[in-house]
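Please keep the sequence and the model at hand while reading.

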Amino acid sequence: MLLRHTPKEISERSALMINPAKTCQPIGAMYAALGIHGCLPHSHGSQGCCAYHRSTLTRHYKEPISAATSSFTEGASVFGGQANMLQAIDNIFSVYEPDIIAVHTTCLSETIGDDLKQIRKKALTEGKIPKGKYMISASTPSYVGSHVTGFSTMVKSMTGLAESTGKKNGKVNIIPGWVEPCDMEEIKRITKMLGVSTILFPDTSGVLNGPLSGEYKMFPDGGTTIDELKASGDAIGTLALGEWCSADAARALDTQNKVPCKVLDMPFGLKATDRFIDALRIVGGVTVADELSLERGQLVDMISDMHQYLYHKKVALVGDPDQVISMTEFLVTLDMWPTHIVTGTPGKAFEKRIREITKDLPYEVNVKAAGDMFLLHQWIKNDPVDLIIGNTYCKYIARDEDIPFVRWGFPILDRQGHQYFPTVAYKGALRLLEKILGVLLDRRDRDDSEQQFELVM
Ligand code: SF4
């Protein structure tokens, strides 16, 4: 197999990354932009970058991704891409008629030093942005950060549309972070159940998990509307789910529009969901619905019923910081042993959080931010685990080491369902638990002797 030459011996690497656990910033910016209704993402760089970003999202979401590009050639690469961008704005509004263009930069345009804010001003002065239409921009050089950084920067740029009228509208902003479209749907189901009126942004539900209707729509029905983004400035509060994905936007709204914010972990697993529901209850001034308490009880019931299959099972985990932090806490709640943990996104705070969550375990976890899957594989070789949780790229390690594997995170290129079956909140945690138990019990069915082979588990 491809990774059979990964050596067990770990040597210090300072400049070389092998099998990265991240992808490039504009992919995150593009995903966030697709969560605005009537938005055409625009990649300010070469066609190749844009094609890569679109295809990565298409492979994960199994949906066509529309995006425009400044189509840099040699001239723009040397002298800057302002002319291309201005021409693109003209073309996009006249041909595709979006409500808004969300532009992100690429390595190339950042290296040249194109200033999108200045280009936008020039476009406004020259009347290239029609009345009632908008352009936002995010600086997303991919030689720093990751797709998570790009996502966060684009979400923050959305707050530039927020308006303060001086009169609160009673709504609660929820910034869900990079979760699946179905997760956003699930968050909306819960807020509706609790009777909290919310503005969720970005919102890719109905955009990247839509039906095949036989009718082509350039801009699908879903997404946060421009009016909602404007109204976010009059909200009574903001709940930002995830320090890495959502906190910057929430803090910007707090500073610019005086909308108080609370930054929470993403609601994966029992405890993080409890904290989210509690925060929602407080900010919305509501009580928790019995229906939701029932869902929580079902999750606790399954945890206690199946505890013997989870107890002290060692897990290797890779993914984006906000997801991995909550998943680590969930694994600890299940009495499992998260053992090796990697995220590709930089940030020492990640390692600190993981150490806090795992401080009561009888061993020290291996954890690395800005790490890669090569290191994860080496850790596994030195200290084998019972389960791997991560994106599709983990399948090479899982196959080489013959370890059960749960696909979770981004990207998932070789399975279906992640767009449709949420893993947030209590029902989502039930699904995560079912997936974990499924692969662990399948392994027992495969490996148990005939005397131990059980019908009822
Ligand atoms: S050049 Fe930069 S922005 Fe373009 S695909 Fe490569 S890493 Fe991403």
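How many bridges join E10 to strand E11, and do the two run parallel or antiparallel? In this predicted model, three bridges join strand E10 to strand E11 (residues 366–368), and the two strands run parallel.

Strand E10 covers residues 337–342, and because six of its six residues are buried, the strand is largely enclosed by the rest of the structure. Burial here rests on a count of 20 or more other C-beta atoms within 10 Å of a residue's own C-beta atom.

E10 is also joined to strand E9 (residues 314–318), with which it runs parallel, through five bridges. In that pairing, Val318 has Val342 of E10 as its bridge partner.

## Helical crossovers

Two β-α-β units can be followed along this part of the chain. E9, helix H14 (residues 321–333) and E10 make a right-handed β-α-β unit, and E10 in turn takes part in a right-handed unit with helix H15 (residues 348–357) and E11.

## Helix H16

Helix H16 spans residues 373–382, and since eight of its 10 residues are buried, the helix is largely enclosed by the rest of the structure. The buried residues are Met373, Phe374, Leu375, Leu376, His377, Gln378, Trp379 and Ile380.

These buried residues of H16 pack against strands E9, E10 and E11, and also against helix H17 (395–401). The packing of H16 therefore involves E10, itself a strand with six of six residues buried.

## Domains and the contact between domains 2 and 3

The domain assignment of the protein chain gives domain 1 as 25–161, domain 2 as 172–288 and domain 3 as 293–447. The C-alpha centres of domain 2 and domain 3 lie 25 Å apart, and the contact takes 27 residues from domain 2 and 27 residues from domain 3.

On the side of domain 2 that touches domain 3, the elements that give two or more residues are helix H8 (181–194) and helix H11 (270–284). H8 gives the most to this side, with seven residues.

Methods: Residues are numbered from 1 along each chain as its sequence is written. This is a predicted model: local features need pLDDT of at least 70, side-chain atom pairs count only at pLDDT 80 or more; totals for chains, interfaces and linings use all residues. A residue is buried if 20 or more other C-beta atoms lie within 10 Å of its own, exposed if 12 or fewer, and partly exposed in between; C-beta atoms are placed from the backbone. Helices (H or I, at least four residues) and strands (E, at least two) are DSSP runs, numbered from the N terminus. Two strands pair if DSSP finds at least two bridges between them. A crossover is right-handed if, with the strands pointing away from the viewer, the path from the first strand over the helix to the second runs clockwise. Two residues are in contact if their C-beta atoms, placed from the backbone, lie within 7 Å. Domain bounds come from an automatic or database domain assignment.
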